[in-house]
Amino acid sequence: MAFTTALLYPPIADFTQPHPAIPYLASFLRARGEKVLIKDINLEAHDAMLSTPFLETCYQMIESKFETLDNKPFLQFSEHALYKALLDALGADSSIISNVDSIKKVFKEPDSFYDYDHYFQNVEKLKQALQIISSAYHPMIIEPCEYTTPYFLTSHADILEQCQVNINPLIPYYQDQLLHWLEKENPDLIGFSVTYPTQILQMFAMAHLIRSHFPNIHLCAGGAFISQMTLNMQKNKHRTLFQYLDSIILYEGESALYHLIQQLKSRQQYQPIVNTILYDRKSDQVHYPSKNIVENLDHIPPPDYDGYPLNLYLSPKPVLPYAPTRGCYWNRCAFCHYGATQKGTARYREKKLEQMIADLDILAEKYNTNHFAFSVDVMAPKTVLAIAKELIKHNRKYLWSTDIKIDDLFTRQNCQIIKQGGCLSVAIGLESACQRILELMDKGISPHQAQDCIHNLSSAGISTQIMTFLNFPTETAREAMETIQFIRLNMSDISLFTMGDFVLHHGSKIFENPEKYGIDRIYFPKNDDFKLLTQYTEKRHTKSERDKEQIESAYADIAVQYAPQDFPFVGGVSNNHTLLYFERFGKDILKQLNSNTDDTISEPKTFKRHDIPVMRPEIKAMAANYCLSEIEDVIERNPLNLEQSLHNRQINCELNESTKTYPQKTMYLLIQSMNWLETPQHARFLLQMCNGKNTAEDIINMISPNAWDMLSTVLNSLYSYNVLDKKQ
Ligand code: SF4
């Protein structure tokens, strides 16, 4: 029997396009005669979760959990957030559950995908479907492409928590489908590709489950995130990881995985392998890599997506990731630690130009697409230009996007050539528009250069996606405002921007030399075995609370000019939906979509005496035993600190009487957008009379003619919340 390798891409990640890591490994191994199966578990698990049967199960769980909590004599501190989440979900539009297949279809069919109103409504519905799952599995929160959980990966105990079926909504998919698939395919080696932090817990949950069912399969993990995590950990903690895995590939994986397969095939005693930490279960020995290498891109074939169900991604056409370069040619930015490398960025390499074009030809023909996302750290400007020229020379009509750094080579004329060569969009790490901060970062650019470069790209018709962040150490309020002001002044040339917050990365120059950047202490929360949650304090506070408010408000003023930004949907940076909108509607589409939204202030809705109010059929009224205003108050008064929320250690809070809530009968109107409205008791009788037979005047007279003003106010507010409608 041929040795079989199964490569799995764990949740939670983008479900609108494939990630290229596993297809690259597969093509490398298949070219060497290996049998390789690939499976995008992230995509398939999302598809399984976003299905009517699973959502129905979640809804039943919500109803049953709510009933249990609602009948308790009092709510403990830890039960408050759950009660609120359940009540939110009870207001869900039940048509989302039965129509979830049609909702997914909206993103796959061009007519509905490019109809923004329709598209946007269905983005909201998809998010609500994920909220239903999150409420059923509280406290895990699943959002598109990410999830949060108090059982964050900090220790072995957290990992085990995550493997429980009642805590993790992905376990049913793993149990029902993944295990059957593995049983059928019977692989000898399973490789998990962990590129993002959001995948790590699910990778461990899968490894734990697979290990208990198939103890003889060799389990290996690699990818940028697990590579960085393993390198950052103390060596004596590595054994924690080997409770689940047999090997971990650091850095790039192609050669390492090939050598690992040869070693496993030979069935001989483990020998050190390049880029790989191997755990020998029999002798309880850990073997560290023989040496660390980076791949020569000329030996890497184009990614092989065979085995990925390309029609299942939520996209009207495939936008295939392709990596003509790896690493960063600059590799100097002080904050940066990016990719499968111990520090900074990986060494910069490029494929030969003719090979790039040949690869694109292969992918275009095989997968019937002309859309590509160049999946790179950052591409050298001369290479961007050379690719465009080569595509023009060979008359190829490929459309593509890439990541670049500001550079003087992006002249007006060169940008026109790049556009002509098919470049639709570039993502640019500007980071800051303050000269002092840019110098401290060692970004190697000036705001003036940035302005020219962005203008030249935009004038050529290329969409510019500008990434910035605030709160770089020592940044003052005035300096933060310079970045905001830059975006405001150059908005006509900026198709999309993001403005995040500085994050201190292990492996960055700042981490190595914090004093230079005004940082006096770097620390990790207690029990953070995997060193994932880097915390720091600065020597000086450079922004007051008032400064922060002003910055927030200035940011909101410019953010509002663009269509809402949410990865992986239209408006999110570097994703395929946004790219397809740029292609169809042009580089300014996100600003146009925003200006099309109807922001006219409508007249307040009011009832006249002879109107007949009726409750909208989709609104559900229900009575519950606890008052949510009180519950929210308790949550607000008792915020958990980081240590507590990391470990769900709410025990101390449980002991405190002020963190309990006692029953107080309350009436709710559950509105379909997963919202609820706490309603006064007397509104209950009022709503019962809004049955399509009585006029507003009849109703008020029947309840209390003396309380005319108060009752008509309640009636009008129910009308303005869209709870009531006028009978036509
Ligand atoms: S931020 Fe970008 S340009 Fe700077 S080192 Fe990192 S990848 Fe390179």
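Reader: In strand E16, which residue is the bridge partner of Ser425?

Author: This is a predicted model, and in it the bridge partner of Ser425 in E16 is Ser463.

Reader: How many bridges join E16 to E17, and which residue stands opposite Met467?

Author: E16 and E17 run parallel and are joined by six bridges, and Thr498 in E17 is the residue that stands opposite Met467. To pass from E16 to E17 the chain goes through helix H20, residues 477-489, and this β-α-β crossover is right-handed.

Reader: In what order do the strands of the sheet stand?

Author: The open sheet has six strands in the order E10-E13-E14-E15-E16-E17, with parallel pairing. From one strand to the next, the twist averages 20 degrees.

Reader: Why is one side of E10 and of E17 left without a neighbour in the sheet?

Author: Strand E10 (320-322) and strand E17 (496-501) each have a single partner strand because they stand at the edges, so one side of each has no neighbour in the sheet. For E10, three bridges make the parallel link to strand E13, residues 371-374, and Pro321 stands opposite Ala373 in E13.

Reader: Which helices should I look for against these strands?

Author: Helix H15, residues 353-367, lies across E10 and E13, and runs at about 160 degrees to E10. Helix H23, residues 576-585, packs on the sheet as well, where it touches E13, E14, E15, E16 and E17, and its direction makes about 125 degrees with that of E15.

Reader: Which residues surround the ligand, and how do they divide by class?

Author: Among the residues around the ligand are Cys328, Trp330, Arg332, Tyr338, Asp377, Lys405 and Gly429. By class, the shell has six nonpolar, three polar and three charged residues.

Reader: Into which domains is the protein chain divided?

Author: The domain assignment gives domain 1 (4-287), domain 2 (317-595) and domain 3 (613-726). The centres of domain 1 and domain 2, taken over C-alpha atoms, are 27 Å apart, and their contact takes 26 residues from domain 1 and 28 residues from domain 2.

Reader: Which elements give two or more residues to the side of domain 1 that touches domain 2?

Author: They are helix H8 (116-136) and helix H12 (224-232), and H12 supplies the largest share of that side, six residues. By class, this side of domain 1 has 14 nonpolar, nine polar and three charged residues.

How values were computed. Residues numbered from 1 in each chain as written. Predicted model: local features only at pLDDT ≥ 70, side-chain atom pairs only at ≥ 80, totals over all residues. Domains from an automatic or database assignment. Contact = placed C-beta atoms within 7 Å. Helix = DSSP H or I, 4+ residues; strand = E, 2+ residues; numbered from the N terminus. Nonpolar A, V, L, I, M, F, W, Y, C, P; charged D, E, K, R; others polar. Near = placed C-beta within 6 Å. Pairing = 2+ DSSP bridges. Axes fitted to C-alpha atoms, helices over the stretch in contact; angles between N-to-C directions. Right-handed = clockwise from strand over helix to strand, strands pointing away.
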